[in-house]
Amino acid sequence: MGTVLAADIGGTWVRLRTGGVGAPVERLRSPSRLNHPDRPVARLREDMVELLCRAAPPGAHAAISFGAAIDHLTGTVYGSAPLWGAEATPYDMGAALREHRPDVTWQLVNDVTAALVDFAATHARPGVRRVGYLTVSSGIALRVADVERMRIPVDEQGLQGEIGHLPAMTTGPELQGAGLLCECGAPDHLASFSSGPGIARVAGQLGLDTGSAVGDWLPRALAADAPLARRLLELCVEPVAHMLRTLWCLDPHLDLLGLGGGVVEGLGAHYSDELRRQLGLATSYADRGRDPAWLADRLVFCAPGAIDALRGAERVDRWLPGIVP
């Protein structure tokens, strides 16, 4: 294997590292819809391929963590709201990279897969059967690995855990029929309410005038115990709590789950306390509520910087043989 190029591709930034852990990290603005809203998607895709091909040394092994719904078996990208907005035409990113730089071995995985690998390598203890990682940030996604078999199961399209684009479950009367749009263009998805942009949309639905970006206002308002801030957090956490109840109902062997991303990390104890509170509530005989000790044994709320998709991309080699349909 040649020199290793690791890359972590997000909607705002691209991080690059050549030479493994300890080498310096280069950070560049991402060629994305977020940074260049007026550029056509075809141009943004070309710019991304050019950036990665330019960064790869001759004969390199390129391990790419890519912020998109991606076929882990082929490298085809199905969509990424932060990178390409509502564009949903599949794009074979892997083929484009191989065509431009056939001397490079290209390994392309979703950024949440890379984060899961990093989380599992750090936190999975003996006896853990299945481990997951949930990111709540500008988007929402989940990835689960079978630790006993060392595999990450995917469907026939090479996908798993794109839960941000499932319909949200919410009981809040303020949100019934709200039709809040997800970044993908569809209404009332999980990400419509619970992602970073989703929280801003819900704040608007509540008529809140935050006076600045909601991400700056909300932690201060929660620290002051402002009632509308508490209600905003409750409404935005509820769909995530519903999703976790469903997940544990369907997969009782999910023994460990990490939660990270800008929303979880930015709100810190406010977010973790509210999620634990909601998960402790009984909703039916099938969900009698989870006690604090049960949750403490299974949930890890990751501190800022604790999980690194760039490092996960470098570690993913030993997991790739286990990504199976």
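Let's start with the lining of the largest pocket. Strand E1 (4-9), strand E2 (13-18), strand E6 (76-79), helix H2 (81-84), helix H4 (111-123), strand E9 (130-136), strand E10 (140-146) and helix H9 (262-267) each give that lining at least two residues. Helices here are DSSP runs (H or I, at least four residues), strands are runs of E (at least two), and both are numbered from the N terminus.

Some ground rules. This is a predicted model, where local features need pLDDT of at least 70, side-chain atom pairs count only at pLDDT 80 or more, and totals for chains, interfaces and linings use all residues. Residues are numbered from 1 along each chain as its sequence is written, and side-chain values use heavy atoms, with hydrogens and water left out.

Back to the pocket. Its volume is about 1,300 Å³. A pocket is found on a 1 Å grid over the protein atoms alone: an open set of points where a 1.4 Å probe fits, with protein on both sides within 12 Å along at least five of seven lines, and lining residues have an atom within 4 Å of a point. The volume is the space filled by probe spheres set on the points, which are joined across faces, edges and corners.

The largest pocket is lined by 48 residues, and closest to its centre are Gly-10, Gly-67, Asp-111, Ser-137 and Ser-138. By class, this lining holds 22 nonpolar, 17 polar and nine charged residues. Nonpolar means Ala, Val, Leu, Ile, Met, Phe, Trp, Tyr, Cys and Pro; charged means Asp, Glu, Lys and Arg; the others, Gly among them, are polar.

Next, the second largest pocket. It has about 200 Å³ of space. Of its 13 lining residues, Leu-166, Pro-167, His-242, Met-243 and Thr-246 are closest to the centre. Which helix gives the most to this lining? H8 does, with six residues. The classes are 11 nonpolar, two polar and no charged.

So, to H8 and its neighbours. Helix H6 (residues 196-205) and helix H8 (residues 227-250) have axes that come within 10 Å and cross at roughly 130°. Axes are lines fitted to C-alpha atoms, for helices over the stretch in contact, and angles run from 0 to 180 degrees between N-to-C directions. H6 and H8 are therefore oblique to each other. Oblique is what remains after roughly parallel (under 35 degrees), roughly antiparallel (over 145) and roughly perpendicular (65 to 115). In contact (heavy atoms within 4.5 Å) are Ile-199, Val-202 and Ala-203 of H6 with Leu-232, Leu-235 and Cys-236 of H8. Six of these residues are nonpolar, with no polar and no charged.

Helix H7 (residues 214-223) comes next. Its axis and that of H8 come within 8 Å and cross at roughly 115°. From H7, the contact uses Val-214, Trp-217, Leu-218, Ala-221 and Leu-222; from H8, Ala-229, Arg-230, Leu-232 and Leu-233. That gives eight nonpolar, no polar and one charged.

Last, helix H10 (residues 269-279). The axes of H8 and H10 come within 9 Å and cross at roughly 55°. That makes H8 oblique to H10. The residues of this contact divide into nine nonpolar, two polar and six charged.
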